[in-house]
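Here is a short briefing for a reader meeting this structure for the first time. Look over the sequence and the model, then read the points below.

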Protein chains: 2
Amino acid sequence: MDIRDRIIDAAKKVYAQHGFRGATTRLIAIEAGVNEVTLFRTFGSKAALFEALMQTHVAKSPIPTLPNSPVDPELEMTEWCAVILAHMRENRSMIRTSFGEIGDRPEAALSMSEGPNCAGMILTDYLLRLQAIGMASADGDIPTAVAMLMSSIIGDAISRDVMPGVFPQPESEAPAKYVRTFMRGLGVKPVRSRAPVHSAAGD
Amino acid sequence: MDIRDRIIDAAKKVYAQHGFRGATTRLIAIEAGVNEVTLFRTFGSKAALFEALMQTHVAKSPIPTLPNSPVDPELEMTEWCAVILAHMRENRSMIRTSFGEIGDRPEAALSMSEGPNCAGMILTDYLLRLQAIGMASADGDIPTAVAMLMSSIIGDAISRDVMPGVFPQPESEAPAKYVRTFMRGLGVKPVRSRAPVHSAAGD
DNA sequence: GGAGCAAGTAAGTAACCACTTGCAACCCTG
DNA sequence: CAGGGTTGCAAGTGGTTACTTACTTGCTCC
């Protein structure tokens, strides 16, 4: 692997655990297995290294899309949520850390929140389509439901290990359960072919 | 105000913005308007100061209860959520910071998460009571719904200012909207006697 | 085999950090 | 007024941090 990438990877690891101030150039160099001077020769400064880190991170964060023509909303949204949740779980330490440093270094957290922001918009669009074609009841509070689902995904990803009492479901089943409850809250009708979701609130 | 409390208050402020490493004794002393030496004379060390800080913080964090005999679930839960949300919004910087330092200083975040953990249990108990007396449909996925509502409250409190696109509702209306969607997702029937809550969901 | 470049090594610099010491000023109580 | 306790002030200590400089080593390409 390129030495640049090795340093960035190491910086990510150290930063995720110790934060910006705790991620000393010494620690990063050791983790990367290079000399500390090499770090400065490659990036110029610690600040520049972290800029590069953020750039490569957002570049490597894919946001899945939802189909233009919904067929099976529950299935499609579950798959979509699972992908996002998996990605956030992988990066949970880094997300937590950068989020926690918002007061000190806003840029980091802002660039990290682009993903969820964008995901929320994709989901909202999808739900509007569902409403338009009559697959969701017209009175559902889409913005609120989207906020809740996005919060649930983020919350699960970053605080499951801290507050296990709040997240009793196993990791693997979480996305399906969030989507199921979300759909009931929104009044999305289950697709005919699938098992009934026993609606008590709907029409 | 007692000099001890003044220092703790100042430390809270500085810590919330700069984190543990960034909250230098110098900054804290300036913020408190005392000499830096006084800080060491009063608490002995920076670590001891932060222990005291966490103690007074959790001591001052009240968790509202929910009635043993539910009458109007929507009203009761909205009020309950509003109190929790308000408290978390007030302390959002501190929550974010301590949460972000979980890798480095787990104790802080763990003692901060006691509140939400406990709140989740209170809410779960309440919902089980609702189910038991037939005010909520028996097939609702309570653990999932609780996780989603708690995540929504925490998410709103700590990331509304970072991801405004995800939280389009005004702050004041958020609790009611979360609870409304939550109740639909759980299959809690709206109470008969109340003014129509813009219901298209209930009969 | 030598030029050129990427990387390691050793040492140092100025700033900052938590924390200490010694002393002077003040305030309250007796 | 005397004395003890609290606070401020000035200075310093040892450790750490980001970053620099000067030099050496090893590898590649001609």
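In the classes used here, Ala, Val, Leu, Ile, Met, Phe, Trp, Tyr, Cys and Pro count as nonpolar, Asp, Glu, Lys and Arg as charged, and the others, Gly among them, as polar. By that scheme, the surface near DNA strand C has 6 nonpolar, 5 polar and 2 charged residues. This is a predicted model.

**Chain A in outline**

- Chain A has 10 helices and 0 strands.
- Along the sequence, its pattern reads α-α-α-α-α-α-α-α-α-α.
- The C-alpha atoms of chain A fill a box of roughly 65 × 35 × 30 Å along the principal axes.
- Chain A has 203 residues, and 40% of them count as buried.
- Take the contacts in chain A with a separation of 6 or more: 65% of them join residues 24 or more positions apart.

**The surface near DNA strand D**

- DNA strand D is surrounded by 14 residues.
- The closest are Thr24(A), Ser45(A), Lys46(A), Asn35(B) and Thr38(B).
- Two or more residues come from each of α2, α3 and α4 (46-59) of chain A, and also from α3 of chain B.
- The element that gives the most to this surface is α3(B), with 3 residues.
- By class, the surface near DNA strand D has 6 nonpolar, 5 polar and 3 charged residues.

**Where the two chains meet**

- The contact takes 54 residues from chain A and 52 residues from chain B.
- On the side of chain B that touches chain A, α1 (3-22), α6 (92-100), α8 (114-132), α9 (142-159) and α10 (174-186) of chain B each supply at least two residues.
- Of these, α9(B) gives the most, with 11 residues.
- That side of chain B divides into 21 nonpolar, 21 polar and 10 charged residues.

**How α1 and α3 of chain A pack**

- Two packed helices are described by the angle between their axes and the distance between the axes.
- For α1 (residues 3-22) of chain A and α3(A), the angle is about 110° and the axes are 11 Å apart.
- Angles of 65 to 115 degrees count as roughly perpendicular, so α1(A) and α3(A) are roughly perpendicular to each other.
- On the α1(A) side, Ile3(A), Arg4(A) and Ile7(A) make the contact.

- The largest nonpolar core has 108 residues.
- Inside this core, Ala11(A), Ile153(A), Ala11(B) and Ile153(B) have the most contacts.
- Beyond its neighbours within four places in sequence, Ala11(B) is in contact with Ala23(B), Ile28(B), Leu49(B), Phe50(B) and Leu53(B).
- In chain A, Ala23(A) is found in the loop between α1 and α2 (25-32).
- Ala23(A) counts as buried because it has 24 C-beta neighbours inside 10 Å.
- Not counting residues up to four places away in sequence, Ala23(A) touches Ala11(A), Val14(A), Tyr15(A), His18(A) and Ile28(A).
- Ala23(A) and Ala11(A) are 12 residues apart along the chain, and their C-alpha atoms are separated by 7.2 Å.

- Helix α6 (residues 92-100) of chain A is mostly covered, with 8 of its 9 residues buried.
- Among the buried residues of α6(A) are Arg92(A), Met94(A), Arg96(A) and Phe99(A).
- The cover includes α1, α5 (73-90), α7 (106-112) and α9 (142-159) of chain A.
- It also includes α1 and α6 of chain B.
- Ala108(A) is found in helix α7 of chain A.
- Ala108(A) counts as buried because it has 22 C-beta neighbours inside 10 Å.
- Leaving aside neighbours within four places in sequence, Ala108(A) is in contact with Met54(A), Ser98(A) and Glu101(A).

Methods: Residues numbered from 1 in each chain as written. Chains lettered and ligands numbered in written order. Predicted model: local features only at pLDDT ≥ 70, side-chain atom pairs only at ≥ 80, totals over all residues. Contact = placed C-beta atoms within 7 Å. Helix = DSSP H or I, 4+ residues; strand = E, 2+ residues; numbered from the N terminus. Axes fitted to C-alpha atoms, helices over the stretch in contact; angles between N-to-C directions. Parallel < 35°, antiparallel > 145°, perpendicular 65-115°, else oblique. Core = buried A, V, L, I, M, F, W, Y, C linked by C-beta atoms within 7 Å. Buried ≥ 20, exposed ≤ 12 C-beta atoms within 10 Å, placed from the backbone. Near = placed C-beta within 6 Å.
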